[in-house]
Amino acid sequence: MIDRPVRFPMPSWRFFILLVLLTLCQSGVRVKSMTTWVRRSDARNLLQDIEKDVCNGLWFDFRYLIGRTYESLYGPYVLFEDEKTTFKPLENASFCSILSFAGVNCDPMNELEGINRIVDSNQCSLIFKYLQRHLNMHKINRWLELSSCAAEMHSTEVVGDKNLEMVKFELSRHMMSYLVLDTDVNVPLLCGLFHSLVEDPDLELIPKDQDVGVCNKSGSYACAPKDWRWCDNATSSEKSSVEVIYSDLLQSQLQNVRDKIQQSVEKSLRSLVDDAFSWVLERDPSEQEEDSLVALLQQGKDFKYLVQYLHSTKEYRIKCAAAFCTANSKKAVDNVFHEVLLRPADPVALRRYTDMLHDGFHTTTLRKILKESEEYKTLCLRDGLSVCDSARSIVRMMYLKVLGRHPDLGGLTAYSRQLVLGKFTESQLQNELEKSDEFVNGAGLRRKALSIVETLKRGYQECSDARFTENPYWNGRWCDRSGCDDNSSVPCTTFPLEMYAQTEMELAGVNPSLPASEVRKFEELVKVVTEGYVRLLGRYPDRGFLISNMGKYMTGEASTDGLHDQLLSSQERQDNLQQRSEGTARAGWIDKINILSKLMIRYNLSFPEEVAHCFRFQPQGDVTSDTIAEFMDSSTSDGKLPCHSIGKVLSTLQEAWNQHGPLLGLQQEEEPMLPIAMYVNERPQYFLQVVRSLQAVHNIRKVAAIVISMDSVKEEMLDIALSIDFAPFRIIFHPVNEDLLKNQPLLAIKLHWIWLQDMLWNNIAETRGWKGDIALLEEDHVVSSDYLDLLSHLVYLKQHHCPRCWGVTLRWACMHSDDEDGTKVCRSHSVINTGIAFNRSTYLAIKNSNFDLFADGWDWSLFHLAQTGQMPPMMIGPALSRVRNVGREGVTVTEKGDEFLQRQLEYAVAKNSQDSLPLDHLWIDKKDRNQFTPPMWEPLYLGAGIGFLAPQA
């Protein structure tokens, strides 16, 4: 038996009316809805009350009478909507017909002048009698119902500027009036949405930091139905509201409120549809489903209708007929309990209210029920005000202040309850958060680092305050001191790197003022720790470990000798390896071995002796293209590699292929152009687009080679690569860890990237002796048809016009991403990670730096090198991008993830129709000395987890 919400007893008079209606229905008599009858009665009673209040004197200005009456019945938007205030959308009568019924002359040809009439009390009564027959009762009742609902939710407490609060309230009334008059959305539904509409940050009825302004009393307003408060009959209280009604702020915002409300209502209705699908079918609606159901809500259907409709679908009967799909609806109920009662829902309530949601009630109803409960009143209400709301506000503020983020549901609920019950004060809550590991290793560490940088920077004041004669674009920022016109006593040439090193030392609890030999000892110890973590755990060491141990390693209190054994036997490593080497994961590795063995047989490559015994070859004898190799992971041979070590088998095959694999595709017969290297992850949907774009590139057949470096062995990716027939290409594989250890994603990409650089400059036949630049692309970098030609031109410009450039980029390199000048080129202080190319000198600078130890991805590690002077700081590139990043799903960005990262992928890109641009007319922007493509060199960047530190000047 399903528990239902408690119902209140029906009053006896309603019961009597219901019996009468049922009797009439059973007798075949057609009657109107009781609800409609009661509402019409309410509207007429209201009209009678207004008549008694208005028609209580001797003489009345008709404009005052009609303006005040209509605003009372329909809300203020009825006056704002029509400049002439004829209200024809609501009625079939003009104002002159109203006056004529009351015996007052009015010229219908000049109605605005005709309504300028004074009426007596009898004529006033006749006017109201006419209105009773002609008013739109449906619209009036919608206004009464919605304004009554909103009044229950509106706080009578005035916080801050009284006039500003009155403006907000008046705008809310306009919003309700608009919803009543110009939409057909179900009023109970609007009632539930009203509070969220007013609080919606996207709606922003009042912009931040706005003054109310002054009332315009210069004569712009005169007595008229629209401006009835200016009429002589207006009472003193009505006239006093003029200061707010006609304030600059309110009048300006009224012009925007309609469009904002339309957007906000549609957003809220879409949210309701999403809720219904989530709670009933436990999935998101398709765009078409959402649009069709939003349209039904706009036509007056309610939330219960949506739920009933979804319950009637075939999908629901198949998916949820045996038992309710309740996972999401239970979570929604539990969230409301956390929000209102500061606790999780108990099992009985969870079942009851989950059933209620499936009966068609929304969580707004549940929220109201809980706020009427005795538990809520006892826990949260003090003198009519909610201390629970105040406690939640304090917790949210404290999380932002201490941890720099919004609280999770559990933390918000637990700490709010502690505050309400008096177990925590605000300062105690702050102390509690500052004790957390998250603060110590996160926000607190960042705060400490900022303090350190602030202190250290004072010692380099001569450097940061210097002015420059040749390079004024620095404007006091860090530089390599070329062109400086001062004789600083401080070693400014290297001070950013020194500041970084000193900051890292002090963060780890080590005195940064030690002799140079001790600084080198610190760096060596960090290298030992970092390499151990990367090799054995597949990640960088966390800051907490460095803080706790580096000081001990420096003083000899502890030794790094035992760190290897400690990491090797750690539970973290065992869990990592177990997940990668058992069950379906093991089958996946064996599948990769079989794919690679087929590839080696296809191109007649010999199997390495140490793993050959792990395969059964058919037919026997020399390996040819007709041979089939079957991997036997349980095979053993004395003195040879155990075949069950599948990581070792796979990496051995990968290294053999990398050493002996053939150059494929179109063979080069002309003077080669610069090579292109691609580091690709398992994203075939993007990789295919890139290969197709390369096929359309002008002169692509002339490249020395396209080197495709794969992070895995996947048949679909290989098929795409092997389809290349327009240029010479070589496939290589980044070898797996022999123990199959899984690396943290950003680290895995960085290790692949630097391994590829080593292969390009030291091992691969087509590139190891290359004298110029090598281009780099990822599997989601689609290029334009003039990509290669422009790249060659930019390399030339870099060599002759940008000696301080570390590389070239084909992505936009000027100040504005929407610049569409196809021949404009800029030199900028930047590290751009898309469509780049660099030469051996940059590679050597990277290898001689602390690139490997910097705890971040390869691109931010390059930024660190440029910022700290370990490699040149500039790039050269076009104003109009020749490469487009099509990836919307990956390690650093997701389709519904970080909006900032998504926006970074939007910029102007050259179309293939622009391949005839006169590249020999390229010109370097003369203002480019001021170019800084984000982010700026300063503040100091300390890597993932701390980020940028912005010391005050």
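This report describes a predicted model of one protein chain, from its overall make-up to selected residues.

## Basis of the values

Residues are numbered from 1 along each chain as its sequence is written, and side-chain values use heavy atoms, with hydrogens and water left out. Because the model is predicted, local features need pLDDT of at least 70 and side-chain atom pairs count only at pLDDT 80 or more, while totals for chains, interfaces and linings use all residues.

## Overall make-up

The protein chain has 40 helices and 20 strands; these are DSSP runs numbered from the N terminus, with helices being H or I of at least four residues and strands being E of at least two. Of its 953 residues, 49% count as buried. Buried means under 20% relative accessible area, exposed means over 50%, and partly exposed lies in between (1.4 Å probe, protein chains only).

The chain exposes about 46900 Å², of which carbon and sulfur atoms supply 50%. Accessible areas come from the Shrake-Rupley method with a 1.4 Å probe, and for residues only the protein chains shown count as cover. Among contacts (heavy atoms within 4.5 Å) between residues at least 6 apart in sequence, 73% join residues at least 24 apart.

## Salt bridges

The whole structure holds 28 salt bridges, each defined as a side-chain nitrogen of Lys or Arg within 4 Å of a carboxyl oxygen of Asp or Glu. One of them pairs Asp-61 with Arg-63, with the closest N and O atoms 2.8 Å apart; Asp-61 and Arg-63 are both buried.

Arg-283 and Glu-315 form another, with a closest N to O distance of 2.7 Å. Arg-283 lies in the loop between α13 (248–280) and α14 (287–298) and Glu-315 in helix α16 (residues 314–320), so this pair ties together parts that are 32 residues apart in sequence. Arg-283 is partly exposed at 24% relative accessible area, and Glu-315 is partly exposed at 28%. Shared partners link Glu-266, Arg-270, Glu-290 and Asp-291 into one salt-bridge network. Arg-539 and Asp-542 also form a salt bridge, at 3.6 Å from N to O, and Asp-542 is partly exposed at 33%.

## Surface patches

Patches are made of residues with over 30% relative accessible area and no salt bridge; like charges are joined within 9 Å, and nonpolar side chains (Val, Leu, Ile, Met, Phe, Trp, Tyr) within 5 Å. Lys and Arg count as positive and Asp and Glu as negative, whereas His and the chain ends are not counted. The place of a charge is taken as NZ of Lys, CZ of Arg, CG of Asp or CD of Glu.

A negative patch on the surface gathers Glu-523, Glu-524, Glu-531 and Asp-852. Glu-531 belongs to helix α27 (residues 516–537) and is partly exposed at 39%. A nonpolar surface patch consists of Leu-58, Trp-59 and Ile-118, which together have about 390 Å² of accessible area. Ile-118 lies in strand β2 (residues 118–120) and is partly exposed at 48%.

## Selected loop residues

His-734 sits in the loop between β10 (728–733) and α36 (745–762) and is buried at 17% relative accessibility. Leaving aside residues up to four places away in sequence, His-734 touches Gln-654, Met-710, Asp-711, Leu-751, His-752 and Trp-755.

Most residues other than glycine have a negative phi. Asp-383, however, has a positive phi near 55°; this residue lies in the loop between β3 (381–382) and β4 (385–386) and is exposed at 83%. Asn-604 likewise has a positive phi near 55°, in the loop between α31 (583–602) and α32 (609–612).
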